[in-house]
Amino acid sequence: MILPIVAYGDPVLKKVAEEIDKDYPGLQQLIADMFETMYNANGVGLAAPQIGKSIRLFIVDASPFAEDDEDGENEHLKDFKKVFINPIIEDETGEEWGFNEGCLSIPGIREEVFREEKIKISYYDENFNFFEEEYDGFAARVIQHEYDHIEGVLFTDKISPLRRRLLKRRLEEITIGDVDVNYKMRFPKK
Ligand code: NI
C-alpha cells in the first residue's frame, strides 16, 4: 500500500525517533509499504518519520543507480537495497564533500550538503539480525541523509542561513501544499 509522504513543516520530521523491537506491530507490512511508497516516488531512501511514524527505521535502494551506470563506477550499488532498524552511526571519517541532495518530504528543492566521506554503522535488518558495516561515497551519503531523518534533522538544517532564507518562501509553500508533486503527500497546513 502506498502511504502518503509527510511534507516539510510537519512536527514528526523534527522529532528524535524511538527505537523499536522485533514485536513492533505490523513491522513486515510496514517495511513492504515503505518500499512501495519509495519506489512510487522514485526515491532512493525513505525514513519512517516521513510516513508519519517516529520510529528508528529507514530503507534504502540505490540499485537503479548501478543499472544506469555506463562506466561501472556504481557497480557496488547494485546490492544496496537494505532495511536499517535502530541504527547507530558509530563513526564518520574522511573529507567532507558536497552533493546536491533532495528529499521526498521537500519536493522540488535540491541543495548542496557537505558530509564526511565514510561511515561505520551498526543496525538490525528486517529480521533483527545485527550488522556492523562500513560505507563510503554515495551509499554513505544516502544512509547519512536517512539517519538524519530519525534524528529529526532535514538537509535544509545543514545549509547556510543565507540559503535557508532564500528558500523560506518555497518551504512555506510546501507546508501548505502549494507545490507540484506526482506522488501522494500529507501537508501539515493544508
Ligand atoms: Ni529525506
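**View 1. Lys168 and Glu172, being 4 residues apart in helix H4, are separated by about one helical turn.** Helices here are DSSP runs of H or I with at least four residues, strands are runs of E with at least two, and both are numbered from the N terminus. The side chains of Lys168 and Glu172 meet in a salt bridge at 3.2 Å, N to O, the term standing for a side-chain nitrogen of Lys or Arg within 4 Å of a carboxyl oxygen of Asp or Glu. Glu172 is partly exposed, its relative accessible area being 43%, where buried means under 20%, exposed over 50% and partly exposed in between (1.4 Å probe, protein chains only). The model is a predicted one, in which local features need pLDDT of at least 70 and side-chain atom pairs count only at pLDDT 80 or more, whereas totals for chains, interfaces and linings use all residues. Residues are numbered from 1 along each chain as its sequence is written, and side-chain values use heavy atoms, with hydrogens and water left out.

View 2. Arg169 is exposed, with a relative accessible area of 63%.

**View 3. Arg56 and Glu151 are joined by a salt bridge between two loops.** The N to O distance is 2.5 Å. Arg56 lies in the loop between strand S2 (45-47) and S3, and Glu151 in the loop between helix H3 (137-150) and H4, so the pair ties together parts that are 95 residues apart in sequence. Arg56 counts as buried at 7% relative accessibility, while Glu151 is partly exposed at 30%. The structure holds 11 salt bridges, and a network of salt bridges links Glu101, Arg115, Arg141, Asp148 and Lys158.

**View 4. The largest nonpolar core has 37 residues.** Such a core is a set of buried Ala, Val, Leu, Ile, Met, Phe, Trp, Tyr and Cys residues joined through side-chain atoms within 4.5 Å. Met34, Leu46, Leu57, Ile85 and Ile106 touch the most other members. At least two residues each come from strand S1 (5-6), helix H1 (27-40), strand S3 (57-61), S4 and helix H4 (161-176), and H1 gives the most, with 6 residues.

**View 5. A negative surface patch includes Glu90, Asp91, Glu117 and Asp136.** Patch residues have over 30% relative accessible area and no salt bridge, with like charges joined within 9 Å. Strand S4 (81-101) and strand S6 (130-136) each give two or more residues to this patch, the largest share, 5 residues, coming from S4. Asp136, in strand S6, is partly exposed at 39%.

Notes. Patch = residues over 30% accessible without salt bridge, like charges linked within 9 Å, V, L, I, M, F, W, Y side chains within 5 Å. Areas by Shrake-Rupley, 256 points an atom, 1.4 Å probe, with all protein chains shown as cover. Lys, Arg positive; Asp, Glu negative; His and termini not counted. Charge placed at Lys NZ, Arg CZ, Asp CG, Glu CD.
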